[in-house]
Every structure is written in C-alpha cells, then in structure tokens.
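Here is a short briefing on one protein chain. Look at the sequence and the model first, then read the points below.

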Amino acid sequence: MLVDGIIIRAAREVTLNKLDLPDPTSSEVIVRVTSCGLCTWEQRVYRGERPNYPFWGGHEVCGVVERVGPEARCGVQEGDSVAVALMRRCGTCRCCRTGFDNHCAYLHPNRNDGLPQGPRGLSTHIVAAPAQLIPIDAHLGGRGALLEPLACTLRSIRRSRVKPGQLAVVIGTGTLGLMHAAALTTMGVQVLACDPNKPATAQLARARVHLLLGDTQEIVAAVGQHGGADCVFFIRGGPEWINAAVDMCARGGTVVLFQSIPHSDLTTLKMNDLHQREISLVGTVSQRLEDFVQATELATVNPHLWDPIEIVTISHCEPHAAFEKSLDPAINRVLVTFNP
C-alpha cells in the first residue's frame, strides 16, 4: 500500500517520500490521516538530540476510516472520524491484565519490513487494529490529534488522586503543563502554576490559572501561604524542582513525576519528611486505553479546553516548515494536516 510519509533523515533534514507499507490483513482497518501532532519526541530527533535516523515519527493522530477489513471486529465504519491510539496493547500480558496496558510487554514491536522505524503517524494513511480506534466527534477536526497528549494528561491526573476543590500546583507551562492546567480547572480543581524557564503567561490567563513567580524557595513559600498543595505535577525542571515539589505538598499530598529528566536525574530526598508528612511520590507514563476514551469525552463536552494552547496547522507538503515551526517556543503544538 503506497503512502506519502514524512521521514527525518538527519538533524534538520526532513523529506516527504512515497513509501510502500505492507498490505493490511483482513482484520485491520485503513485510516486516512487528517492531522498529526509534532510532539517533543519528533522535535528532539529533528534537532539532533536523539539521532535515530531515518525516523518515521507521528503518534498524535486522528483521521477518517477509509476501509474496514471484512474480518475486523470493531464499532467503526467507513467515513467515521477516529483518534488512533498507536501504542500496542496485547490485552493478555501481565501489565495489560492488571490495568497497566501502557506497559504492555509487546509495546515496541520489531518491524522487519525495511521501512524507517517509528510510530509512522506522519503519513497520508495508516493501518490499525480495531482496538486502536476511538470514535470521535467530527467537529473536533484536526484537534482530534491532541487527544493523545490529553489522554496522557488524564492518566497523570488520575495518578494524583486529586479531587474537586483541592489545590494543585503545575510545574511547567509548556504544552502538557497547559493541558494539565486546563483539564484540572475543568474538573473543579484550584490550580497554581510556575515554570523553571519562561512561563506561558498569556495562555495561563486564558486557562484562569494563577502564576507563581520567583525561585524555588519563594514559590514553595507562596504555596505554603495557601496551606500547601494536595498534589504537585512535575512537568518541567531538574532534580531541585522535584525537591521543591515535595516541599510544596500539604500533609498527605502527592507529587506526580510526569516528565523524564533528559540529563542527570539523581536527587536526594528527605525520607523522614516523606514518612512523617505521608507524602506520596508517583510516576506516570503515556496513557491507558481508558484514558483515551475519557479524553474524547472531556474534549467533546468542553470545547474551550484547547483555548490556552497555541496551535498552528501546516500542510504535509511543507514538512521542513512544519518542523521548524514546532521548535518555536511561542507555539505549543504544530498539527501537520493531510488533505485528500
């Protein structure tokens, strides 16, 4: 099956190519991609920080069902709008059986088809298993691609166990920090935000979130004036910000480690402090299938959820322009659009 795919060949080098995908089986579905987001993963490969070439990126994907295999067991039909959960979930391994399908034992399949490695969503068409398709409201349009990072956000929020009326602090005001802030306020959680770098002031105002300024000690003191946070989401920063996140917590609070630390992740925590104040420190990665479904429902009933996010759409015929724009710190997400 011939498709047009966007391939990163080297640092700052990206091309649009004709690629021959293996034909779908009778139990698979062909989706015509309408929009694909350029996430941090693709940006790092493009900048040369993760030199994994050639690379066929794209895991934030939405599209329209073009063909359903005769033996495909699914609740979609041709013409339906869908988001595509490209992560593999076998449903039978220990992680899948225990509710951690985001850690499926078969998450990273070894493809031996001679094509560039990667999730391959930056393509005019993709082949998917029925279980990977989540029906969405057609009115979401290209923003259906944002349901994947929103699902990761909801997984993070679920791990925090935060409740309406409680106080959350979001450390980091990039794309995922803003998504956390928007989703939390929608759920009735009070939100304060800070950023180790440059805060997204205008976007936070649109999300109705109060910005905290200062160094870590000043921000910890400011949160303390609110009685401490019930949960703190670590989305940007280094080890010193993890320590600050613990210090921000009220008794019984939770720190959620959403971001991986690209360089040294060694830190020192005061174990007696965690013990005596009953602080929980939890990690979160990617999303489960049920988080994807919840993201679809949340975005459908809250059309203003995306208001804080600066979004730019660029045609797949201009891949270099799209990747260069994705590196602009003023832009939260570039959506590459694929027109029929």
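Buried means under 20% relative accessible area, exposed means over 50%, and partly exposed lies in between (1.4 Å probe, protein chains only). Arg120 is buried, with a relative accessible area of 7%. This is a predicted model: local features need pLDDT of at least 70, side-chain atom pairs count only at pLDDT 80 or more, and totals for chains, interfaces and linings use all residues. Residues are numbered from 1 along each chain as its sequence is written, and side-chain values use heavy atoms, with hydrogens and water left out.

**Terms for the helix pairs**

- Helices (H or I, at least four residues) and strands (E, at least two) are DSSP runs, numbered from the N terminus.
- Axes are lines fitted to C-alpha atoms, for helices over the stretch in contact, and angles run from 0 to 180 degrees between N-to-C directions.
- Angles under 35 degrees count as roughly parallel, over 145 as roughly antiparallel, 65 to 115 as roughly perpendicular, and the rest as oblique.
- Contact means heavy atoms within 4.5 Å.

**Helices α6 and α7**

- Helix α6 covers residues 216-224 and helix α7 covers residues 239-248. Their axes lie 9 Å apart, at an angle of about 20°.
- That angle makes α6 roughly parallel to α7.
- The crossing of α6 past α7 is right-handed. Right-handed means that the near helix is turned clockwise from the far one by less than a right angle, and left-handed means anticlockwise.
- From α6, the residues Thr216, Ile219, Val220 and Val223 take part. They meet Glu240, Trp241, Ala244, Asp247 and Met248 in α7.
- By class, the contact of α6 with α7 has 6 nonpolar, 1 polar and 2 charged residues. Here Ala, Val, Leu, Ile, Met, Phe, Trp, Tyr, Cys and Pro count as nonpolar, Asp, Glu, Lys and Arg as charged, and the others, Gly among them, as polar.
- Which residues of α7 are buried? They are Trp241, Ile242, Ala244, Ala245, Val246 and Met248.
- The buried residues of α7 pack against several elements, including α6, β8 (167-171), β9 (190-194) and β11 (229-234). β12 (249-257) and α8 (271-277) are also among them.

**Helices α1 and α10**

- Helix α1 (residues 40-47) and helix α10 (residues 319-326) have axes that come within 10 Å. The axes cross at roughly 105°.
- The two helices, α1 and α10, are therefore roughly perpendicular to each other.
- The contact of α1 with α10 divides into 2 nonpolar, 3 polar and 2 charged residues.
- Gln43 of α1 is buried, at 11% relative accessibility. Leaving aside neighbours within four places in sequence, Gln43 touches Leu38, Ser326, Leu327 and Arg333.

- Asp4 sits in strand β1 (residues 2-10). Is Asp4 buried or exposed? Asp4 counts as buried, at 17% relative accessibility.
- The side chain of Asp4 makes a polar contact with the side chain of Lys18, at 3.0 Å. A polar contact is a pair of N or O atoms within 3.5 Å; within protein, one must be able to donate a hydrogen and the other to accept it, and residues adjacent in sequence count only if both atoms are side-chain atoms.
- Beyond neighbours within four places in sequence, the contacts of Asp4 include Leu16, Leu122, His316 and Phe338.
- Ile157 belongs to helix α3 (residues 147-160). At 6% relative accessibility, Ile157 is buried.
- Ile157 touches Val162, His180, Ala183, Leu184, Met187 and Phe233, not counting residues up to four places away in sequence.
- Ile157 and Lys198 are 41 residues apart in sequence and 24 Å apart in space, C-alpha to C-alpha.

**Backbone and loops**

- Arg120 lies in the loop between α2 (94-97) and β6 (125-128). Arg120 is not a glycine, yet its phi is positive, about 70°.
- Arg208 also has a positive phi, near 60°, and is a residue other than glycine. Arg208 is in the loop between α5 (201-206) and β10 (210-211), and counts as exposed at 65% relative accessibility.
- The peptide bond from Tyr53 to Pro54 is cis, with omega near -10°. Pro54 is in the loop between α1 and β4 (60-68).
- His263 is in the loop between β12 and α8. At 70% relative accessibility, His263 is exposed.
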